[in-house]
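Dear colleague,

Please find below the structure that I was asked to pass on to you. My findings follow directly after it.

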Amino acid sequence: MQQYSSLKDHYKFKDEEAKILLDLQPRMEGLSDKFIDEFYDYIWRFGTTSKFLKDKKIIAHHREKIKEWFVGLFCGKYDMSYFTHLYKIGEVHVKIGLPTHYVNSAFTFVRTFVLESIEENFSSKEQHLKEIKAVEKIIDMNLDVLTSSYREEELGKFLSLRSEEHTSELQSH
């Protein structure tokens, strides 16, 4: 996983934006039950969700973890521990064979949910724009880190295939 500081640099994510997100946390925490209910309505539309969320125990655990992740988007502290946790979530997605398409689509829901909440509750246009920028960046960084697990898995498969091809070539000579 790339270093979190360079990730934040690439997204031009500033301490001021971390503070803005932290200031949004109480509101988002208050919306977390609504978020998780609507998130589940959204992902059940995929048609294959039950393949990954197979029983009530798994669903309850997943709901809890998604809710934690959602509130954590607004924690205000985006360090190596934060991004390592995201990377591990991505590794679980890879392990269970969850297609990246579902992750990307779910992030569309997350982005829309948060931006609609901000839209409904802003007091000044300047602050509103700052909140939007901060939210867009943290969501994009989350998606970047989560999907990096997929890229590394694909790279590992590619390198393994290349190694096998090379070994076969050497054995045939």
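Why does F39 count as buried? The model is a predicted one, and in it F39 has a relative accessibility of 6%. Buried means under 20%, so F39 falls into that class. Y40 counts as buried too, because its relative accessibility is 4%.

These two residues also belong together as rings. A pair of aromatic rings is described by the distance of the centres and the angle of the planes. For F39 and Y40, the centres are 6.2 Å apart and the planes stand at 65°, an edge-to-face arrangement. The structure holds 18 aromatic pairs. One aromatic cluster is made up of F35, F39, Y40, Y42, W44, F46, F52, F70, F74, Y102, F109 and F113.

R63 places its charged end over the ring of Y40, 5.0 Å from the ring centre. The charged end of R45 sits over the ring of Y42, at 4.5 Å from the centre of that ring.

I also looked at a pair of helices. The axes of helix α2 (residues 15-30) and helix α7 (residues 100-120) come within 12 Å and cross at roughly 105°. Angles of 65 to 115 degrees count as roughly perpendicular, and α2 and α7 are therefore roughly perpendicular to each other. On the α2 side, the contact is made by L24, R27 and M28, and on the α7 side by V114, S117 and I118. Of the residues in this contact, four are nonpolar, one is polar and one is charged.

With kind regards

Methods: Residues numbered from 1 in each chain as written. Predicted model: local features only at pLDDT ≥ 70, side-chain atom pairs only at ≥ 80, totals over all residues. Heavy atoms only, no water. Axes fitted to C-alpha atoms, helices over the stretch in contact; angles between N-to-C directions. Helix = DSSP H or I, 4+ residues; strand = E, 2+ residues; numbered from the N terminus. Parallel < 35°, antiparallel > 145°, perpendicular 65-115°, else oblique. Contact = heavy atoms within 4.5 Å. Nonpolar A, V, L, I, M, F, W, Y, C, P; charged D, E, K, R; others polar. Phe/Tyr/Trp six-rings, centres within 6.5 Å; stacked < 30°, edge-to-face > 60°. Buried < 20%, exposed > 50% of the residue type's maximum accessible area, 1.4 Å probe, protein only. Lys NZ or Arg CZ within 6 Å of the ring centre and 35° of its normal.
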